[in-house]
Amino acid sequence: MAITTSYFAADLSAMIDDIPATFTLGALSFSCSVTDLSQEQTLILTGTDGNEAISVIFPVSAVVSAATALTPNIRVKVQRPGESASRNYAIVSVQKSPDNVSYTLACKEDHRKPA
């Protein structure tokens, strides 16, 4: 018997509710969960220890109405719990879960000047 996706969707929702962060994609903002990547992963993604790399997970349904597609190198903003302002990140990779419930993004700090 296959597990219904509603179990994973409920778990994801509870995880985001526990320690919510805010993810901004273009004009769309929604709650997500953020995890720091390991020092080794950060070094591979950013090439320096001075930058930060994070993993962001959120429901697929959060971006259904997004005008901006989730693709590598686009700039997004993430405001972590306890931070007073959001930071710019560039998407490095996008993974959609096999059950079509969540997206997991690997992101690195983005210091490019705004266009």
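Leu105 is in contact (heavy atoms within 4.5 Å) with Phe23, Ile54, Ser55, Val56, Phe58, Leu70, Ile91, Ser93 and Val94, leaving aside neighbours within four places in sequence. The model is predicted: local features need pLDDT of at least 70, side-chain atom pairs count only at pLDDT 80 or more, and totals for chains, interfaces and linings use all residues. Residues are numbered from 1 along each chain as its sequence is written, and side-chain values use heavy atoms, with hydrogens and water left out.

Leu105 belongs to the largest nonpolar core, which has 21 residues. Such a core is a set of buried Ala, Val, Leu, Ile, Met, Phe, Trp, Tyr and Cys residues joined through side-chain atoms within 4.5 Å. Buried means under 20% relative accessible area, exposed over 50%, partly exposed in between (1.4 Å probe, protein chains only). Phe23, Val56, Phe58, Leu70 and Leu105 touch the most other members.

Cys107 sits in strand S6; strands are DSSP runs of E, at least two residues, numbered from the N terminus. Cys107 has a relative accessible area of 0%, so it is buried. Among the residues it touches, beyond four places in sequence, are Glu52, Ile54 and Tyr89.

Charged pairs come next. A salt bridge puts a side-chain nitrogen of Lys or Arg within 4 Å of a carboxyl oxygen of Asp or Glu. The count is six. Glu109 pairs with Arg87, closest N and O atoms 3.5 Å apart. Glu109 lies in strand S6 and Arg87 in strand S5, so the bridge ties together parts 22 residues apart in sequence. Glu109 is buried at 15%; Arg87 is partly exposed at 30%.

Key:
Helix = DSSP H or I, 4+ residues; strand = E, 2+ residues; numbered from the N terminus.
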